[in-house]
Amino acid sequence: MENKVSIYNTLTRKVEQFIPNEEGKVAMYTCGPTVYHFAHIGNLRSYIMEDLLEKTLRYMGYSVKRVMNITDVGHLSSDADTGEDKMLKGAKREHKSVMEIAKYYTDAFFVDCGDLNIKTPDVVEPATNCIAEFIRMIESLMEKGFAYESGGNIYFDTSKLREYYVLSNHSEEELLVGVRDDVDEDENKRNKTDFVLWFTKSKFEDQELKWESPWGLGYPGWHIECSCISMKHLGEYMDIHCGGVDNIFPHHTNEIAQSEAYLGHKWCNYWFHVHHLNDKAGKMSKSKGEFLTVSLLKSKGYDPRVYRLFCLQSHYRKPLEFSFDALDNAGAAYDKLVKRIGSLERGTADEVDQEKFAAYKARFGEALCDDLNSSMALTVVYDMLKEDMTDATKYALAEDFDRVLSLDLTTAYADREAKETVDADLERYILEKIQERKAAKKEKNFAKADEIRAQLLERGIILEDTREGVKWKRA
Ligand code: AMP
Ligand code: ZN
């Protein structure tokens with residue numbers, strides 16, 4: 001492996017050469033979505049950049065095993081163990097059961113990922129699948145003296161650790177800000193930083209999902225699931241753990257505390273954190289402002305791949321401000337780029353200039369290995385398109401780079417053209433049918449008119465009789 005990947009490690013606060021535990025193999029874990037609502041495009045920025053990391057590692061020759069959890073239990077509306085359960089909140093909002101909500105939004109999450117060309121991790125495990133494992137880990141933490149029971153809940157005792165804030169420089173004051181929504185301080189805790197491993201005494205008596213445990217009927221805290229699910233699939237040593245910056249504290253800090261207390265040794269060497277997508281008002285969230293989702297972008301006519309390009313244009317370690325103007329610029333850049341690549345003659349393998357191919361591939365790899373410099377990697381794409389070399393070389397490079405960029409560089413233009421032809425043909429057909437139906441109605445042949453409506457419905461088209469005439473829309 002010639003090119004070495006360097007990455008910023010939150011644990012050491014510097015850009016470091018990435019060296020996995022086992023040569024050539026990477027054990028990677030990603031905190032998955034809390035499936036109580038659609039993911040907003042801020043959440044998806046994190047997943048796009050984590051996808052870029054995984055694909056860069058693969059591009060550089062590593063074999064990667066990536067695991068992701070689905071949080072379908074235990075995530076309270078404040079990260080600090082307080083507030084209402086997010087899943088329950090979603091279920092109440094939509095008058096559905098928690099499991100129905102979880103299924104619906106898990107599926108929606110993967111549809112969004114598909115639209116954004118985000119690869120599904122090798123293992124995806126919902127938290128509710130692993131309750132027995134959580135209980136075993138908590139029991140072991142109790143035996144080792146790292147956990148205690150108080151007021152019906154099981155807490156992790158952070159005072160038993162030599163160091164708790166390994167990931168962040170939190171001071172007591174900062175911590176107070178971090179848990180500000182902790183309106184009523186939990187009296188059961190021995191130390192302010194202790195956190196819940198298992199709840200049996202919920203403030204919310206109507207908690208829907210509960211399981212038997214040695215401490216009574218209850219449900220797990222949020223942090224335990226990621227420690228447990230990652231160890232279940234990746235073993236005791238992990239190479240790289242990912243998430244958005246808001247996960248650094250308390251979630252990842254607590255994951256490290258309980259995992260290393262349980263294992264008795266260092267657990268994960270590299271911590272990768274993606275900075276936030278903001279809008280003008282600040283951090284994007286599901287509760288304030290316009291709730292920006294991939295479906296919303298699509299309904300406004302944006303190709304989701306344009307949002308992927310928008311994210312790749314910026315470094316993952318810088319906050320990114322979203323605006324529709326900025327997205328329009330990315331859209332124009334995307335259209336031009338795929339059109340330019342779409343006009344290349346693919347040629348044959350022996351028309352590829354191997355020397356130039358290797359030189360550009362090396363530059364592209366170097367940009368990514370430099371702490372995932374995705375905007376530099378995009379510059380390499382533009383540079384190679386300007387270079388004096390055969391179309392076949394350019395095409396081969398675009399295809400190769402797309403293994404990481406996943407923008408459908410070589411296929412998007414042709415696909416779009418084909419879709420436009422289909423759309424134009426369909427529209428002609430619909431207009432003909434509307435005319436035929438109008439004539440049938442005039443002749444009072446209502447059976448025929450209904451038949452035409454049914455034929456259109458079969459092709460996913462709904463007709464509406466309005467005062468302005470007949471209109472159509474997709475079902
Ligand atoms: P959640 O579904 O709330 O558990 O969040 C899913 C992922 O999105 C986590 O990795 C968060 O750290 C990340 N995240 C949350 N808000 C943002 C944001 N505004 N920009 C980027 N990532 C975010
Ligand atoms: Zn997690």
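This is a predicted model: local features need pLDDT of at least 70, side-chain atom pairs count only at pLDDT 80 or more; totals for chains, interfaces and linings use all residues.
Local features need pLDDT of at least 70 and side-chain atom pairs count only at pLDDT 80 or more, whereas totals for chains, interfaces and linings use all residues. Residues are numbered from 1 along each chain as its sequence is written, and side-chain values use heavy atoms, with hydrogens and water left out.

The ligand is surrounded by 17 residues, the closest being T34, G42, S46, D246 and L277 (a heavy atom within 4 Å). Four residues, the largest share of this shell, come from α1. Polar contacts are pairs of N or O atoms within 3.5 Å. A nitrogen atom of ligand 1 lies 2.8 Å from a polar side-chain atom of S46, and a nitrogen atom is 2.9 Å from a polar backbone atom of L277. A polar backbone atom of G244 is 3.1 Å from an oxygen atom of the ligand. Of the 500 Å² of accessible area that ligand 1 has on its own, the protein covers 94% (Shrake-Rupley method, 1.4 Å probe).

Helix α11 (residues 354-369) has 16 residues. Its N-terminal end is capped by D353, with a side-chain oxygen 3.2 Å from the backbone nitrogen of E355. Just after α11, D371 takes a positive phi of about 50°.

Methods:
Chains are lettered from A and ligands numbered from 1 in the order in which they are written. Helices (H or I, at least four residues) and strands (E, at least two) are DSSP runs, numbered from the N terminus. The expected span of a helix is 1.5 Å times one less than its number of residues. A polar contact is a pair of N or O atoms within 3.5 Å; within protein, one must be able to donate a hydrogen and the other to accept it, and residues adjacent in sequence count only if both atoms are side-chain atoms.
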